Structure formats: C-alpha cells, structure tokens
Amino acid sequence: MKTKGAILWGLDEPWSVEDIEIGDPRTGEVQIRMEAAGMCHSDHHLVTGATPMPSFPVMGGHEGSGVITAVGPEVHDLEVGDHVVLSFIPACGRCPACSAGHQNLCDLGMGLLSGLAISDGTYRIQARGQDVIPMCLLGTFSPYMTVHESSVVKIDEDIPFAVAALVGCGVPTGWGSATRIAEVRPGESVVIMGVGGVGMSALQGAVASGARQIFAIDPVPWKREQALKFGATHAFESAAAAIEPIIALTEGRMAQKSIITVGEMRGEYIEEALILTSKAGRCVVTAMGHMADMDVKLNMFLFSMLQKDLQGNIFGGGNARTDVPNLLAMYKSGQLNLDDMITRTYSLEEVNDGYRGMLDGKNIRGVIRYTEADR
C-alpha cells in the first residue's frame, strides 16, 4: 500500500512528510487505518539522539488509535472493523516476564528499536527505496500501518479516537507511575516534577489514590495553572523554589512520594527530587534521559541514612491489555480527564509545528488527526 508518513532522515533534522509504502499483513499481523496519533516527547528523543537508533530513516509515532482494515493469518481475537489502540510495548503473554506479571517488560521489547517485524524479522515500511525503522515497531505518524497483534488492544467503538490514542503510552505510563510504581496511598504528599502528558496523568493518578497534597513543579506558568485545574494543591516553578514551602506544608517531613516526569531527564534531577522526598520515601524516575548519560547527582550519605527508595519505571509497570480498557472505562465514567489533556490537534503535515508547540511548553499533548487528505 502506498501512503504517507513522517520520516526522520538524520539527527537534528525536521520530520519529513513524504510518500511511503507499507506491506500487507503477514502471519500474526493486522493492517490499521489510523485515526489519531499522540505526539509524545519520546519521539523527539529520536531527533536529538537521546534514544539511539541503529540507522536511518526512522518513522515516528508510538501512540495511536484506529480501525483494523485487514487481518493476516493466525490472528486471534481481532477482526476487520475493530477499533483499536496501539501499545508501544508488545506483549506476547508467554515469555518469563509476561508470565511473572510484567507484560511491560515483555521479551519482545528487545526488538523495539530494530525495525524488524515480530512475525518474520523483515521490514514493513519503505521510503525512497530504503527500509524504514518504525518507532517501537509501530510508526503511528502515518495514516496506515501494518503491525503485529501483540501491539494491538481492542477498545469500545464509542471512545473518541484522539482520546484513545493517549492510552497507548503517556496516560498509562503516568497513571501507573503514581498508582502502581510509587504506590501513592491516601493522605500522602506527592511531588510531580514536570506536568506534560505523562506528568498530568501521574497527577491524576495521585488524586485518585487519595493524596492529601500534590506539589506540581514545572517552569512553564501555563502548565502550572493547568496542574492546579487537574488536582494539584500547589505549583512551583522549580524544585529549589518548592523546598521551603514543602517543608512548611508537611511540617518538615517532606513528600512521601516524588515522581520525575520531565521531558528530558538529567542526572541532577535525582538529587533535587530526593531532597523533596521524606525519610523512607520513594522517588520514581519515569522520565527518559540520553542513552549515553551515565552521571547522576546523589548524596550517598543521606540516601542510605534516610532509607530512601529510588525506583525506575516503564509504562507505569502496567499491562496494556488490562490498563487500556480500564483507563478508558474510567474516562467514560468521568473519573479520568483525558479531553483536557489534548491541547491542540494537527494534521500530519503540521507534525513539526506540533513538536515546536511541545518544546515551547504550549501543549500538554498534541494529537495528529488523520483525514482523507493525509491518505
């Protein structure tokens, strides 16, 4: 199939929207007519090289939703016409990680950046006569895609596609950061560092978990205002500015939980978050840093003497096959605000505008909405 896609041809280059060719579904695969794609900061890490790719070109996009248009052999539980969400981590359900309840760590994830299809180890996308690596074996920055069923989750047909796209990555990652990895409990105080799409989802998870105080930290004034609307009790422009107020508001105990959800992780943020974290408290690192960055600022004495916990996190420790429908059920019942997280929508041709908006702090989440003109 010939269609279009947003392609990255090298580091620090803009996304190039151009003609591509997508292969038909093979064993275990489906083809999807995409309706919406979320514009996550993780795709920008491809541009900067923070997430290293084995080669270029690369097609962006790992959040998305759409409708199945074709089904390959031996596909189970999916059929033409199903509304679906793409999960940025595939889950086979059978490997040791999946069997132990860690489907967010499925062994299929080892090939996420290779570009090689799960079904047969070949490429599904070509541009200018070259094989293209799709982000997370998806590539949602295209109005059509061919993908393995392990990355596809069926959803109810009454869910708006733009909303559905968000639960393929950012929302479950943030929500699970608070509810599952940090294990926020009723009455606790929580720090959220960075309130973009993931951070705002973590904030909502902390609210739902019964947090008494939620301290949102972000340098962008508009984002701090939005954080208060989403349930934060206080908002600060930096970790340094938050120290004295949090000491006063917690009677010197600091926050039991801190969650780092900034767009680009840096080593110095660890110590900043731990300063705001209480004795025997937990600091969750959800934000992604540069693959080559090995330096972390950490007071080793206080870290051990105050018995603090530093915890990594991917996909909120969740399972897409249960988390996606559960989060969308909460959205339908009014318990999860996803509508207001979509700040702006863009056409595929406006993908670079969308990322400029993200980097300028104007978006919680930008979403690409596909039309017939894109196809």
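Q: Which hand is the crossing where α5 passes α6?
A: It is right-handed (the near helix is turned clockwise from the far one by less than a right angle). This is a predicted model, where local features need pLDDT of at least 70, side-chain atom pairs count only at pLDDT 80 or more, and totals for chains, interfaces and linings use all residues. Residues are numbered from 1 along each chain, and side-chain values use heavy atoms, without hydrogens or water.

Q: Where are those helices, and what angle do they pack at?
A: Helix α5 covers residues 197-208 and helix α6 covers residues 221-230 (helices are DSSP runs, H or I, of at least four residues, and strands are E runs of at least two, numbered from the N terminus). They pack at about 25 degrees, with axes 10 Å apart (lines fitted to C-alpha atoms over the stretch in contact; angles run from 0 to 180 degrees between N-to-C directions).

Q: What does that make α5 and α6 to each other?
A: They are therefore roughly parallel (under 35 degrees; over 145 is roughly antiparallel, 65 to 115 roughly perpendicular, the rest oblique).

Q: Which residues make the contact?
A: From α5, Met200, Leu203, Gln204 and Val207. From α6, Lys223, Gln226, Ala227 and Phe230. Contact means heavy atoms within 4.5 Å.

Q: How do they divide by class?
A: Five are nonpolar, two polar and one charged (Ala, Val, Leu, Ile, Met, Phe, Trp, Tyr, Cys and Pro are nonpolar; Asp, Glu, Lys and Arg charged; the others, Gly among them, polar).

Q: OK, now α4 and α5. What angle do they pack at?
A: About 40 degrees, with their axes 7 Å apart. That makes α4 oblique to α5. The crossing of α4 and α5 is right-handed.

Q: Which residues meet there?
A: On the α4 side, Gly170, Val171, Thr173, Gly174, Trp175, Ala178 and Thr179. They meet Gly197, Val198, Ser201, Ala202, Gln204, Gly205, Ala206 and Ala208 in α5.

Q: New topic. Which strand gives the largest share of the lining of the largest cavity?
A: Strand β10, residues 144-148, with four residues.
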